Amino acid sequence: MKKILFISFIFSAVAFSQTLIPKLPQITASSFLLIDAETNKIIAQQNPEASTGLASITKIMTSYIVADYLKQGFLNVKDTTKVSEKCWRMEGSRMFIQEGKKVLIEDLMRGMIIQSGNDAACALAEHIAGTQEDFASLMNDYAQRLELKNTNFTNPTGLPDVNHYSTAEDIARLSIFLINDFPDEYSIYSEKEFTYNEIRQLNRNSLLWQDDSIDGIKTGHTKASGYCLVASSKRADMRLISIVLNSSSEKSRLQDTRRLLDYGFKYYQTKKIIAKYQPISIVDVWGGMEDKLELGPEKDIFITLTKPTFDRLTIEVSKNLGVKAPIRKDSVLDRLDIKVDGETIRSVDLVAVNNVQRKGIIIATLESMMFYVYSFFMQDEIN
């Protein structure tokens, strides 16, 4: 009887070593995704690969291309473009530019991002590519380069088209690229209002007034696509991207987004566990001007886990028998495994944190021969 009780106690201890967290609150959107922007850790999802219309979420790609053209020098924010009749007559949301008038690129950017102006998106597209159709072709080239595998664009605005679609997965990937590649242009998404031609226009993302940690990104709505919202929120070192597609109302898309973000920040955490070039191990150098060499990761290493799980995280470095000179900085020489409860959740390359020159040819050759002998015997011991 005592033995049975002891076994039951051990089983219970193992079961409760992994902290349980509540289930995700009810989300009404037919497709959603919550992801950490630094680690790409998916915290919550439902039908993230489902194809759907984009509505004005499309403008994330339009703004990405404009930002890239600004970076490359093809555009300048102080450039102007003449508004065509077609752009002036655009249906849907507008910033109210007028046919024949010249408008600054920076004004068009704000009109497209803050007010979600279809007329602004049209004018930017025509300025870059000549026509909206040719700009859509450029959008698809960018989608291919960014590896958006289930996305196709037919226009720069998001107006309905059966061949204009994407997925929550692809939208999240695009949003992270925008944030990382063009932080200056991305900052426009956090601006709450914009005045053009004496017309005050408020950002359509009302979450900007509800939560200071939210700094973007984009709303969208058409009858075919439903109510959509891509939101980005940063608290401390953790940035979460929430994608909510095909909600039934404006209220529900806001509620879904808040529930996702609050859940992610409450129960998960992203930490930098190892800094770039932080020495993790030291290996012997054979035939080099230095006898020892420090190894570390070539970039900062972040991990996203439920908060209590970090207490069970360990790092294990493979046993390196030594390296031969010469050695160049950033050469991959080893690997470390990041584990939770003994199970590897991520492997990271370790690189040389500095250069090591080789000794004279004779000494280097002798030490290399000694290294082969040493490796032979030590390998048998390891095995």
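User: Which strands make up the open sheet, and in what order?
Analyst: In this predicted model, five strands form the open sheet in the order E2-E1-E9-E8-E7, and their pairing is antiparallel. Strand E2 (42-46) and strand E7 (214-222) are the edge strands, each pairing on one side only, and the twist from one strand to the next averages 5°.

User: How many bridges join E1 to E9?
Analyst: Six bridges join strand E1 (residues 31-36) to strand E9 (residues 238-247), and the two run antiparallel; within that pairing, Phe32 has Val244 in E9 as its bridge partner.

User: And which helix lies across those strands?
Analyst: That is helix H7 (residues 168-181), which lies across E1, E7, strand E8 (226-235) and E9, and runs at about 140° to E9.

User: What does E5 form with E6?
Analyst: E5 and E6 form a hairpin with two residues between them, and Asn197 in the turn has a positive phi of about 55°. Four bridges join E5 to strand E6 (residues 199-202), the two running antiparallel, and Gln201 in E6 is the bridge partner of Phe194.

User: At what angle do H5 and H6 pack?
Analyst: Helix H5 (residues 118-129) and helix H6 (residues 132-145) pack at an angle of about 80° with their axes 8 Å apart, and they are therefore roughly perpendicular to each other.

User: Which residues meet there?
Analyst: Cys122, Ala125, Glu126, Ile128 and Ala129 in H5 meet Gln132, Asp134, Phe135 and Leu138 in H6, and the residues of this contact divide into six nonpolar, one polar and two charged.

User: What span should H10 have?
Analyst: Helix H10 (residues 250-267) has 18 residues and, at 1.5 Å a residue, should span 26 Å, which agrees with its end C-alpha atoms being 26 Å apart. Its buried residues include Leu254, Leu260, Leu261 and Phe265, and also Arg253 and Asp256.

User: Last one, what is Val317 in contact with?
Analyst: Leaving aside neighbours within four places in sequence, Val317 is in contact with Ile280, Ser281, Asp334, Arg335, Leu336 and Leu350. Val317 is found in strand E14 (residues 313-317) and is partly exposed, with a relative accessible area of 29%.

Methods:
Residues numbered from 1 in each chain as written. Predicted model: local features only at pLDDT ≥ 70, side-chain atom pairs only at ≥ 80, totals over all residues. Heavy atoms only, no water. Pairing = 2+ DSSP bridges. Expected span 1.5 Å × (residues − 1). Buried < 20%, exposed > 50% of the residue type's maximum accessible area, 1.4 Å probe, protein only. Axes fitted to C-alpha atoms, helices over the stretch in contact; angles between N-to-C directions. Parallel < 35°, antiparallel > 145°, perpendicular 65-115°, else oblique. Contact = heavy atoms within 4.5 Å. Nonpolar A, V, L, I, M, F, W, Y, C, P; charged D, E, K, R; others polar.
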